[in-house]
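Let's take a walk through this model together, starting with a sheet and ending with some aromatic rings.

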Amino acid sequence: MSSLNHNFQPLISRLRKDLRGVGCLVCTGILVAWLGNTMRPDGLPMVYQTPAERLGMLIPVAHLSAEEVGVTEVRSWLQRPEILFIDARSATFYELGHLPGAVNLSRKNYEQDFSRLRERLFDPRLELLVVYCSGVDCEDSHLVAGLLRQHPLPLMHIFRGGWEAWEKAGGVK
Amino acid sequence: VIELILKWLLAALFLYAGIIKWWEPWDFADAVAAFHLLPPLGINLVAMMVPAFEICSGLCLVMPRWFRAGCLLLLLLVGTVSVPLLWAGLQGWKIDCGCFGSSWLSFSNPWLALGRNVVLMVLLGWLYRRDWRKNISI
């Protein structure tokens, strides 16, 4: 038994050494995380807030509702210049694929995107804005629509199924 | 040579994963929240800690003295992240762990993300075992 212990001794001490190393790494990680988060201006607070809560101060709750439309309506509206499609997803996803003619006004980059698109959004020929995001479950389209409704813009609809429904339906037919 | 290349590749991969999450902490916090497994206090803690652990462990992979500790922590980290992915897969949810931001390595199908994690764990385990044996034989 003692010889067995003797044989395993180097292994146990090696494993102990590795685990001590892990402990050191965890402590360093905690320190790096804490320092990194406190030093940056957009650091995370201790308690998580949903995107809606983060924008909550800006959007009156009543402004969050909008009429929802499906793929059939969206498809028939694509060629109409008086209708503007707004992609509320982040720029990366927009670049990977979007509805024909849609502009990117993401929830995440709202301020900059809004300034960039100001001219298009306030075009007097526009009659309808259709906002969409990734799918049925995403809330970015509602949040962006809520933010846009604070401006004197045309009527606004939400494309409920979003990009997922569009892809599933086969895109333009 | 393969071992060395793999070490550097994995180090680069985990550094990349840590940096993009650290760069967009809110996005990662939203990805963690989507699993509905943690309370609001835990979500931001995870979003703060995971990128830091990945960066520190990623660096350790290219430091011979710290290699095995880095490997073990990454195995633990990837293994832990795989649990909510398995849960999401069983629930039929289409969400990603946000582990690689919105890059080509992120999958909205949890089973694919889980597969990616299994590959990473196998590679880390193999490297750990090789380093362990090499040092024992010395």
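**A sheet and its ring cluster**

Pairing here requires at least two DSSP bridges between two strands. Strands E2 (residues 83-87) and E4 (residues 128-132) of chain A pair in the parallel sense over five bridges, and A:Ile86 stands opposite A:Val131 in E4(A).

The model is predicted: local features need pLDDT of at least 70, side-chain atom pairs count only at pLDDT 80 or more, and totals for chains, interfaces and linings use all residues. Residues are numbered from 1 along each chain as its sequence is written, chains are lettered from A and ligands numbered from 1 in the order written, and side-chain values use heavy atoms, without hydrogens and water.

Now for the rings. Rings of Phe, Tyr and Trp (its six-membered ring) pair if their centres lie within 6.5 Å; planes under 30 degrees apart are stacked, over 60 edge-to-face, the rest tilted. Five aromatic pairs are found over all chains. A:Tyr110 and A:Phe114 form a stacked pair, 5.7 Å centre to centre with 25° between the planes. A:Tyr110 is buried (under 20% relative accessible area; exposed is over 50%, partly exposed in between; 1.4 Å probe, protein chains only) at 8%, and A:Phe114 is buried at 5%. Ring pairs link A:Tyr110, A:Phe114 and A:Phe122 into a cluster.

Technical notes. Helix = DSSP H or I, 4+ residues; strand = E, 2+ residues; numbered from the N terminus.
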